[in-house]
Amino acid sequence: MLILGIETSCDETSAAILETKSGKVKILSNVVSSQIKLHSKFGGVVPSLAAREHNKNLVKVLKKALAGRSFSKIDLIAVTAGPGLVSSLLVGTAFAKALAWKFEKPIIGVNHMEGHILSNFLGPANKSIPIPDKKEVFPALNLIVSGGHTQLVLMKDFGKYRLLGETRDDAAGEAFDKIARILGLGYPGGPAIAKEAERATSGKQKVVGLPRPMINSKNYEFSFAGLKTAVLYLVRDILIKRKVKKLNGQTVADIAAAAQEAIVDVLVSKTLRAAKEYKIKSVMLSGGVSANKLLRQRLAEAVEKSGRGLKLFVPEMSYTTDNAAMIAIAGYFNKARAGKWQKVKAEANWGIV
Ligand code: KG4
Ligand code: ZN
């Protein structure tokens, strides 16, 4: 079966083709047109510009993903139905519905967060990957960390999710982005901070003394707004003390490293505590922030140290930020749950916005 995935929930226009055959999945193409350049001068995503850009690029991106294949070969269209920017979502869903109508294909609206979770089950392009044995994987714990979300999700099976906790204010990616802005680094902030942190004075991140908000709270909620404010005050105090208008490069690197450490500490600590409480078998990481090397490294170390024989899943780098490959695989699992999916036509609503 060939599934076309379409993703336009935020600022990436993406189309992907997933092939499923006897319990294996293979990504044949995953085309992403990023709008980062367009939004970077505003320091964040501008919804109206994002929607226009999706509208402009969708046909191009789809053609590239089809790579000469006839549309008649597609068996199912999976499109992101939410959550996301409504104006961006509407462009993608209207496009997908029109395709489903024109080519008489079944269509399914999928949840963007489920897409992030399931990105862990995809292999690199053109590599067939078996769907793992449920008994070995579940219950699983998913840490979804992106620009819009920070969620700890307990997964008992494909399609069975329970939200254990999420951020009360800023998402982890948002914290990276806002702190980067305070430090005068570019957008997106996550990769910029990670890069700066590599130049930090060894050990300095420990003495900078940034807080780890809610690290010891008994629930699985997060809060990163206070960390951003702490960085803001720290920078202000340094400027006053040194009687300068701008931080020097080394100080920027040291603060970047300290902020990255603080965010990673909170994420890893809460994830491992939940893993213990819910006796889970595997830990999965997803979302844009899952590209962060320190987070991957610390989580791997903590999983190893826990001695619980936990499996660790991390997505391929190309599936960390928003992409349609993850939407296609979410379509595959949604279809399996929907049963009589063949009867689903474009006029059916399927949770589409
Ligand atoms: O999942 P995503 O592409 O979009 C949303 O659904 O939000 O995530 C984007 C977020 C941005 O906040 C960006 O700063 C962050 O992911 N990010 C990173 C890294 N790469 C992207 N954060 C930390 N380290 C990275 N290497
Ligand atoms: Zn996302």
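User: Let's start with one residue. Is Lys64 buried or exposed?

Analyst: Lys64 is exposed, because its relative accessible area is 61% and the cut-off for exposed is over 50%. Keep in mind that this is a predicted model. Lys64 is found in helix H2, residues 47–66.

User: How far is Lys64 from Ala16, in sequence and in space?

Analyst: They are 48 residues apart in sequence, and their C-alpha atoms are 9.2 Å apart in space.

User: Which residues is Leu227 in contact with, beyond its neighbours in sequence?

Analyst: Leaving aside neighbours within four places in sequence, Leu227 is in contact with Ile179, Leu210, Pro211, Pro213, Ala259, Ala262 and Ile263. As for Thr271, it is 44 residues from Leu227 in sequence and 19 Å away in space, C-alpha to C-alpha.

User: How do I read the buried residues along a helix such as H9?

Analyst: The general idea is that an α-helix has 3.6 residues a turn, so residues three or four places apart point the same way. In H9, the buried residues are Ala225, Leu227, Ala230, Val231, Val235 and Ile238. These buried residues pack against helix H6 (172–182) and helix H10 (249–277).

User: What span should H9 have, and what does the model show?

Analyst: H9 has 18 residues, 225–242, so at 1.5 Å a residue it should span 26 Å. The C-alpha atoms at its ends are 26 Å apart, which agrees.

User: What follows H9?

Analyst: Lys243 follows, and its phi is positive, near 50°.

User: Now the metal. Which residues coordinate the zinc ion, ligand 2?

Analyst: To read a metal site, look for the donor atoms, then for where their residues sit in the chain. Here the zinc ion (ligand 2) is coordinated by His112 (NE2), His116 (NE2) and Asp322 (OD), at 2.1 to 2.2 Å. In sequence these donor residues are spaced H-x3-H-x205-D. His112 lies in helix H4 (residues 112–118) and Asp322 in the loop between strand S11 (311–313) and helix H12 (325–338), so the pair ties together parts that are 210 residues apart in sequence. Both His112 and Asp322 are buried.

User: Which residues come nearest to ligand 1?

Analyst: Of the 19 residues around ligand 1, the nearest are Gly147, Asp177, Gly190, Gly288 and Asn292. A side-chain N or O atom of Asn292 is 3.0 Å from a nitrogen atom of ligand 1. Backbone atoms take part too: an N or O atom of the Gly173 backbone lies 3.1 Å from an oxygen atom of the ligand. A polar backbone atom of Asp322 is 3.2 Å from an oxygen atom of ligand 1, and Asp322 also coordinates the zinc ion.

Definitions and conventions. Residues numbered from 1 in each chain as written. Chains lettered and ligands numbered in written order. Predicted model: local features only at pLDDT ≥ 70, side-chain atom pairs only at ≥ 80, totals over all residues. Heavy atoms only, no water. Helix = DSSP H or I, 4+ residues; strand = E, 2+ residues; numbered from the N terminus. Expected span 1.5 Å × (residues − 1). Buried < 20%, exposed > 50% of the residue type's maximum accessible area, 1.4 Å probe, protein only. Contact = heavy atoms within 4.5 Å. Donors = N, O, S within 2.8 Å, 3.2 Å for Na, K, Ca; no water. Near = heavy atom within 4 Å. Polar contact = N/O pair within 3.5 Å; in protein donor to acceptor, adjacent residues only side chain to side chain.
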